[in-house]
Amino acid sequence: MIFAIMDIGSNTIRLSVYKQVGDKAVHLFSEKEQASLRNYVKMGQLTEKGIDRLISTLRKFKSIITNFDDIDSIHPFATATIRDVANRSEILRRVKDELDLDIEILSGEDEARLSFLGASKSVDVSEGVLTDIGGGSSEVVIIDQAKVIKTVSLAIGSLSAFNDFVNGLFTDKKEKKAIDREVKLLLGENKMYREEQSVLCAVGGSARASLIFYNEFYNLSAYNSTMNAKKFDKMLKEILLMPEREILDKILEVKADRVHTLIPGMVILNRLAKYFYVSEINISQTGVREGYVYSKLLERK
């Protein structure tokens with residue numbers, strides 16, 4: 001069996017295709033579109049331009065899929081932005097009418113659980129805390145003995161933090177403090193109490209982009225997947241002191257498509273590392289999409 005997964009996030013929409021080989025899911029290829037759907041939310045609804053952007057992106061991905069006769073099924077799912085807008089039902093109906101696609105809405109709890117399951121395919125997540133920093137929300141999972149103990153979905157992500165707290169192109173020290181405060185407030189409101197954890201595992205685009213920047217900043221191997229939390233904090237402080245042109249050049253070198261969201265994502269990740277007193281941040285190359293395949297399609301609960 002070959003499955004096509006469409007992951008509709010707040011910042012990025014991704015198409016990932018997997019092949020079932022025995023009891024494993026083998027990744028074949030991916031495409032992505034920086035749709036930034038969160039930017040099209042006005043008065044609690046996704047605007048007509050936002051809906052058009054969503055449909056045109058999904059139509060593009062569906063046309064790619066039709067070129068591969070071996071793909072057995074298509075599975076679109078959506079997270080924070082589509083989940084939270086008031087006109088969600090209209091969006092789902094229009095996608096169904098125009099593209100014959102049924103979008104599944106993942107709850108914050110589902111998203112956290114699937115991120116944990118997906119991460120477990122590439123890194124050790126037997127204990128500690130896991131986070132998936134998306135564009136519109138950040139999922140946080142407490143793990144012990146390879147089991148999920150508690151999950152929360154924080155209403156802040158790399159793109160929403162940029163939109164809500166950053167006035168220019170790059171985050172300054174005052175704006176960093178505001179994002180820090182919001183993350184701590186949301187953790188408290190969700191009764192995610194502060195306690196020491198052994199390690200922080202991070203999944204998703206913001207985490208992977210942070211790792212790429214970290215490896216470049218400290219001249220480490222591109223294959224390195226672990227960040228020292230204190231060195232990550234030091235790097236972030238140094239970035240905030242750089243002239244804007246220097247920041248721009250460095251981000252363009254490593255992750256141009258995240259020029260405005262990379263630093264807000266780093267701020268959230270850094271705050272979570274401090275909140276849970278971790279010394280190490282492990283970055284997983286697998287996450288919610290892999291978790292979706294294993295849990296929902298290969299029926300590995």
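In helix H11, the buried residues are Val 288, Arg 289, Glu 290, Gly 291, Tyr 292, Val 293, Tyr 294, Ser 295 and Leu 297. Buried means under 20% relative accessible area, exposed means over 50%, and partly exposed lies in between (1.4 Å probe, protein chains only). H11 is thus mostly covered, with nine of its ten residues buried. Just after H11, Glu 299 adopts a positive phi of about 60 degrees. Helices (H or I, at least four residues) and strands (E, at least two) are DSSP runs, numbered from the N terminus.

The model is predicted: local features need pLDDT of at least 70, side-chain atom pairs count only at pLDDT 80 or more, and totals for chains, interfaces and linings use all residues. Residues are numbered from 1 along each chain as its sequence is written, and side-chain values use heavy atoms, with hydrogens and water left out.

Pockets were examined next. On a 1 Å grid over the protein atoms alone, a pocket is an open set of points where a 1.4 Å probe fits, with protein on both sides within 12 Å along at least five of seven lines; lining residues have an atom within 4 Å of a point. Grid points are joined across faces, edges and corners, and a volume is the space filled by probe spheres set on the points.

The largest pocket holds about 490 Å³ of space. Its lining comprises 35 residues, of which Asp 7, Arg 14, Gly 205, Arg 208 and Arg 289 are the closest to the centre. Arg 289 is also among the buried residues of H11. Several elements supply at least two lining residues each: strands S2 (13–21), S3 (24–33) and S8 (128–133), and helices H7 (205–217) and H11 (288–297). The lining has 19 polar, ten charged and six nonpolar residues. Here Ala, Val, Leu, Ile, Met, Phe, Trp, Tyr, Cys and Pro count as nonpolar, Asp, Glu, Lys and Arg as charged, and the others, Gly among them, as polar. The largest pocket lies between domain 1 (2–105) and domain 2 (123–283), because both give residues to its lining. The domain bounds come from an automatic or database domain assignment.

The second largest pocket has a volume of about 270 Å³. Of its 18 lining residues, Arg 208, Ala 209, Leu 211, Ile 212 and Gln 285 are the closest to the centre. Arg 208 is likewise one of the residues closest to the centre of the largest pocket. H7 contributes the most to the lining of the second largest pocket, with seven residues. By class, this lining divides into seven nonpolar, six charged and five polar residues.

Salt bridges number 22 in the model. The criterion is a side-chain nitrogen of Lys or Arg within 4 Å of a carboxyl oxygen of Asp or Glu. Asp 257 pairs with Lys 32, and their closest N and O atoms are 2.5 Å apart. This pair links distant parts of the chain, 225 residues apart: Asp 257 sits in the loop between helix H9 (244–254) and helix H10 (262–275), and Lys 32 in strand S3. Asp 257 is partly exposed, at 25% relative accessible area. Lys 32 is also partly exposed, at 30%.

A second salt bridge joins Asp 52 to Arg 94, with the closest N and O atoms 3.7 Å apart. Asp 52 lies in helix H1 (residues 48–66) and Arg 94 in helix H3 (residues 88–99), so the pair ties together parts 42 residues apart in sequence. Asp 52 is partly exposed, with a relative accessible area of 40%, whereas Arg 94 is buried at 14%. Asp 52 and Arg 94 belong to a network of salt bridges that also links Glu 48, Arg 59, Glu 90 and Glu 98.

Arg 245 is exposed, at 59% relative accessible area, while Asp 249 is partly exposed at 30%. Glu 246 is found in helix H9 too, and is partly exposed at 36%.

Strands S9 (residues 138–144) and S10 (residues 147–154) run antiparallel and are joined by seven bridges. Two strands pair if DSSP finds at least two bridges between them. Asp 144 has Lys 147 of S10 as its bridge partner. The hairpin has two residues between the strands, and Gln 145 takes a positive phi near 50 degrees there.
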